[in-house]
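I am opening my notebook on a new structure. My plan is to look up a few residues, one after another, and write down what turns up.

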Amino acid sequence: MINLYQKTWNEIDNAIANRMVKLRKRRKITQKALAAKSGVSLGSIKRFEQSGEMSFWFGWKQMLALEVEGELDTLFDSVPFQSIEEVINEQDK
């Protein structure tokens with residue numbers, strides 16, 4: 001889990017990039033093959049893996065290519081309430 005309060009945005013970006021690189025290598029997919037499969041340029045793949053820089057759509061395309069798009073299904077699925085007001089607002093839906 002990434003603790004947003006203890007890391008900079010750059011550190012978070014790099015942590016995500018490192019996870020994606022690890023997954024790509026575990027699946028024995030080259031950068032070139034990932035670029036072809038995702039429709040993202042090879043240069044963008046290399047830049048992302050070195051710097052963590054990416055757009056949402058870039059990340060989405062990579063998740064599709066690595067066949068882990070299901071990870072987004074649980075994004076924001078079970079966010080804990082921060083206050084009683086949020087609990088009340090949830091019930092007002």
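Entry 1: I started with Val40, which counts as buried because its relative accessibility is 8%. Buried means under 20% relative accessible area, exposed means over 50%, and partly exposed lies in between (1.4 Å probe, protein chains only). I am working from a predicted model, where local features need pLDDT of at least 70, side-chain atom pairs count only at pLDDT 80 or more, and totals for chains, interfaces and linings use all residues. Residues are numbered from 1 along each chain as its sequence is written, and side-chain values use heavy atoms, with hydrogens and water left out.

Where does Val40 lie? I found Val40 in the loop between α2 (31-38) and α3 (42-51). Helices here are DSSP runs (H or I, at least four residues), numbered from the N terminus. Next I listed what Val40 touches, leaving out residues up to four places away in sequence: Ala35, Ile45, Phe58 and Lys61. Contact means heavy atoms within 4.5 Å. Val40 and Lys61 are 21 residues apart in sequence, and their C-alpha atoms are 7.5 Å apart in space.

**Entry 2: Ser38.** I moved to Ser38, in helix α2. Ser38 counts as buried because its relative accessibility is 9%. Its side chain reaches the backbone nitrogen of Val40 at 3.3 Å. Neighbours within four places aside, Ser38 is in contact with Ile45, Lys61, Gln62 and Ala65.

**Entry 3: the core.** How many residues does the largest nonpolar core have? I read 14, and those with the most contacts inside it include Met20, Ile45, Phe48 and Phe58. Helices α1 (9-26), α2, α3 and α4 (56-65) each supply at least two residues of this core. Such a core is a set of buried Ala, Val, Leu, Ile, Met, Phe, Trp, Tyr and Cys residues joined through side-chain atoms within 4.5 Å. Beyond four places in sequence, Met20 touches Phe48, Gly59, Gln62, Met63 and Leu66.

**Entry 4: charged pairs.** I searched the whole structure for salt bridges and found two. A salt bridge puts a side-chain nitrogen of Lys or Arg within 4 Å of a carboxyl oxygen of Asp or Glu.

Arg24 pairs with Glu49, the closest N and O atoms being 2.7 Å apart. This pair links helix α1 to helix α3, 25 residues apart. Arg24 counts as buried because its relative accessibility is 6%. Glu49 is at 15%, so it counts as buried.

Lys37 pairs with Glu67, the closest N and O atoms being 3.4 Å apart. Is Glu67 buried or exposed? Glu67 counts as exposed because its relative accessibility is 57%.

Definitions and conventions
A polar contact is a pair of N or O atoms within 3.5 Å; within protein, one must be able to donate a hydrogen and the other to accept it, and residues adjacent in sequence count only if both atoms are side-chain atoms.
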